[in-house]
Amino acid sequence: MELDNLDRELLNIVQSGFPVTREPYKELAEIMGTTEEDIISRLKRLIDNGTIRRLGGIFDSRRLGYTGTLCAMKVPEENIDSVASIVNGYNGVTHNYLRNNEYNMWFTVLGRGSGELDKILGEIRAKTGVEDLINLPAVRMFKIKVNFNLTEG
Amino acid sequence: MLSQLEIEIVKALQEGLPLVSRPFSAVAEKLGITEDMLLDKIRDMMKRGLIRRFGAAVRHQDLGYTSNAMVVWNVPEDDAERAGAIFSGFSEVSHCYQRETGGDWIYNLYTMVHGRTVNECWDLARSISEAAGIEDYMVLFSERELKKKSMRYFIE
């Protein structure tokens, strides 16, 4: 996937400084010295090729009333696909990765309060038959940084 | 508590902003409010922290940060604050959390480290370990992405 300098500059701006105004694309065009049409077509291309996963609001799940946690399971190699389809079937499961450890399946899950989380984890245990499922809720957040500067390097 | 209108705004804004000249006007029309009401409401929700930021969520793997690892650390509870601060000081660390332990799992601090190669991630973990003086850690790479989606709120 090819990104030119204007794409990179645009990505940097729209990650943190997207204008919440009537004509945001026109405003971006003025900042970057190009046209509104150019901004819209660049954003369309960056969304279509997956560089931008989503353009919109990024929400604070806790303030929306959701609770999140990280879980890990020991899943036998031959059951990975069937267990993954059960786990991934929950809307609240947003990330799921296989990792190089005895605890090989790692997923994050969001639910409306700890009641819904416990319910989901109980169902996952029952449906998959995996007993080694650990629930690792965060107790302290030291750092969260979601923006990367794309113009350097 | 969120009002019903705020819930509807969250549901609308998580679907992606339309790529048209007046995107907020298009969204407002669906919600049955005016463009200016929606803009005010969004700014208010940002001020209150319901909306963390407004803009693009970018896929980093495609942008040169091709490798990332979750490094898990076994840190004595009374040393967690000091170690967490040192871990967080590394610019290559995007996330740093302390988490509960459970069962046979003893690791309590977690850092996401980003490098351009797998070896860079290993080197980073070693540097962080030396800087903090924490020797019990594991570097967990993702071998396969099974799911990665933005959360969709209030859809049930």
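How are α1(A) and α2(A) oriented to each other: parallel, antiparallel, perpendicular or oblique? Here are some friendly notes, starting with that pair.

This is a predicted model, in which local features need pLDDT of at least 70 and side-chain atom pairs count only at pLDDT 80 or more, while totals for chains, interfaces and linings use all residues. Residues are numbered from 1 along each chain as its sequence is written, and chains are lettered from A and ligands numbered from 1 in the order in which they are written.

1. Helix α1 (residues 5-16) and helix α2 (residues 24-32) of chain A cross at roughly 125 degrees, and their axes come within 11 Å. Axes here are lines fitted to C-alpha atoms, for helices over the stretch in contact, with angles from 0 to 180 degrees between N-to-C directions. α1(A) and α2(A) are therefore oblique to each other (under 35 degrees is roughly parallel, over 145 roughly antiparallel, 65 to 115 roughly perpendicular, and the rest oblique).

2. From α1(A), the residues L6(A), E9(A), L10(A) and I13(A) meet L28(A), I31(A) and M32(A) of α2(A); contact requires C-beta atoms, placed from the backbone, within 7 Å. By class, this contact of α1(A) with α2(A) has six nonpolar residues, no polar and one charged (Ala, Val, Leu, Ile, Met, Phe, Trp, Tyr, Cys and Pro are nonpolar, Asp, Glu, Lys and Arg charged, and the others, Gly among them, polar).

3. In chain B, α4(B) packs with helix α5 (residues 118-132) at an angle of about 140 degrees, their axes 9 Å apart. α4(B) and α5(B) are therefore oblique too. A83(B), I86(B) and F87(B) of α4(B) make the contact with I128(B), A131(B) and A132(B) of α5(B). That contact has six nonpolar, no polar and no charged residues.

4. Turning to the interface, 60 residues of chain A are in contact with 63 residues of chain B. β5(B) gives the most to the side of chain B that touches chain A, namely 10 residues. By class, this side of chain B has 30 nonpolar, 16 polar and 17 charged residues.

5. R99(B) in β3(B) is the bridge partner of A138(A).

6. Chain A is assigned domain 1 (5-48) and domain 2 (67-135), with bounds from an automatic or database domain assignment. The C-alpha centres of these domains of chain A lie 38 Å apart.

Methods:
Contact = placed C-beta atoms within 7 Å. Helix = DSSP H or I, 4+ residues; strand = E, 2+ residues; numbered from the N terminus. Pairing = 2+ DSSP bridges.
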